[in-house]
Amino acid sequence: MAQGVFGPLKFEPVTKDHDMDDDDDDESDAEPEEFHEASSRKRPMESQHHGLPNGSPANKRQRLSNGFENGADSATTPMDIDHAADNHAYPSPLEGEEQDVSPTPHTEGPEQGTQVDKVHELTQETVFLQLGGVDSESSALSPTRTNENPIVLHCEWNPKDPSILAAAGTDALARVWTVSRGSRPQDSPGMLDHVDGATRPFKNLLEDEVPRNSTVQALAWNWSGDALALAVEVDNKARICVCALDGTNLHRFDGVEPPVIKLRWSPNNDLILGISPENGGTLITIFSSSMANSVSHFLADHDLGNDPLDVSWISDTEFILCGGDCLVGLQWTETRIINGREFQTGKSDAFGQVQFDWHTKLVATTSDKGIIDLWDESGNRRSIVAHDGLIHALQWQPLKNGPQEDERLLASGGEDGVISVWNIRNMENKPLYSMTLSVPILGLSMTPDGAFIAAATSDKILIWKVGEHQIPRASWSRVPHPGWQSPKANTETEEEFIPCLGWNSEGQKLVYGANGRVSISHW
């Protein structure tokens, strides 16, 4: 049996138990602001379903921020699941089986879907963070109106401190909370949606002179968790701000063309990469925090509005851009950005996301056609037909030590409602396991210890324990509330921002942010 990069399969599950913490809290008000630059994080909502297989438009969407953009090893980890007799517990798009679009089934078996009986509900262990002003806690939202809070575009846990969470969005939302362990405010009688702001201290990161109608378009922690980069649009110009944990402004780069749709730190915490449109093309700018300067690279033929770009660093100075028919490696020097790693692609390629594996040096990319491509250091390409339609989530199994010789795991989730785990060393191009839901999978996040994986839809989270893939261990559902509604809920075609999903560095708290609310579930 073949060995090496794509070798035989051998899987050993990892086990871990978690204790449950209780918490309960809620939301507040702020003024709404429509926001066109974030269109790449929106998805159209149909009246009775959310883009079911074979019936949803293939919209371009930026990939979901899972809270750990700075590298897998600093954050989430493996998904180990027991073997089924046919090595495939649920319907797979690889085998051409028709997906069930009825409500989530309550039966087991390869052709029945995911069983959800006897699942622990996390609603009572969930708190909601205040997004509006401190004086707006007591203001009640009218059920007839849409969201009155800022629109949440990004939520990220600090990669090192499990109690620190950052969020950014419209209405000058740039805030860092300290979520203490095990703290729970007392429930007020008759106020199940109450926000106890005193128990959730936070810091606003923007200066007082920043207008209220400004939008924080991108957010990223550095790898060590001691600095946070923000891209803020102010008066039709963008600025990049670097803040310390206490809110101190460390660096500021002005005059950037808005919107900056992506920020990524280099592994050495020195370089910040930003992506923005310019003159019908795309501008790649790298800001050096140590040298206090920047260099740029222009992609004249790439329309960022039609094909948003994803990016992944592959060394302290090299990175890969991915989106549409673009898949290119570039390298930073002190004076300019030069060409780097090359990939043989075609005009028919429609790339979406890119994830680099620091262990095997493999690059994984997704396409709008449901294909996962694996690229080795020599440029060899291996394609896997993974999903029926768009792939919304892709994540390597994070490891504290090196991978086994015959196993390297990759998880994916798509518009077809399928969550699949792949051993990329297995040349058969079939998933180890697949869990199937009746609605699109919009996000995946794995706990740092590898014991659990969370999958998010537009209104629900399901969490599986390693080795118990047929029955989710826990679930969380969005209770009806005006704050969850799309800012365009009253229009003919409702739009909803893709939710943010991520575990903290201890794997005991799970954040879910969408539209005008941010929830934290204790696990």
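The entries follow in that order.

I worked on a predicted model, where local features need pLDDT of at least 70, side-chain atom pairs count only at pLDDT 80 or more, and totals for chains, interfaces and linings use all residues. Residues are numbered from 1 along each chain as its sequence is written, and side-chain values use heavy atoms, without hydrogens and water.

**Sheet.** I looked up an open sheet of 4 strands and found the order S24-S25-S26-S27, with antiparallel pairing. Strands are DSSP runs (E, at least two residues), numbered from the N terminus, and two of them pair if DSSP finds at least two bridges between them. S24 (391–396) and S27 (433–436) are at the edges with a single partner strand each, so one side of each has no neighbour in the sheet. S24 pairs with S25 (residues 409–414) over 5 bridges, and Trp 396 stands opposite Leu 410 in S25.

**Cores.** I took a nonpolar core as buried Ala, Val, Leu, Ile, Met, Phe, Trp, Tyr and Cys residues joined through side-chain atoms within 4.5 Å; buried means under 20% relative accessible area, with a 1.4 Å probe and protein chains only. The largest has 18 residues, and Ile 275 is one of those touching the most other members. Another core, of 17 residues, lies apart from it and includes Leu 122 and Trp 503.

**Cysteines.** I searched the whole structure for disulfides (cysteine sulfur atoms within 2.5 Å) and found 0. Cys 155 has its nearest cysteine sulfur, that of Cys 500, 4.5 Å away. Cys 155 is buried, at 0% relative accessibility. The sulfur of Cys 326 is 7.7 Å from that of Cys 322, its closest, too far for a bond.

Technical notes
Buried < 20%, exposed > 50% of the residue type's maximum accessible area, 1.4 Å probe, protein only.
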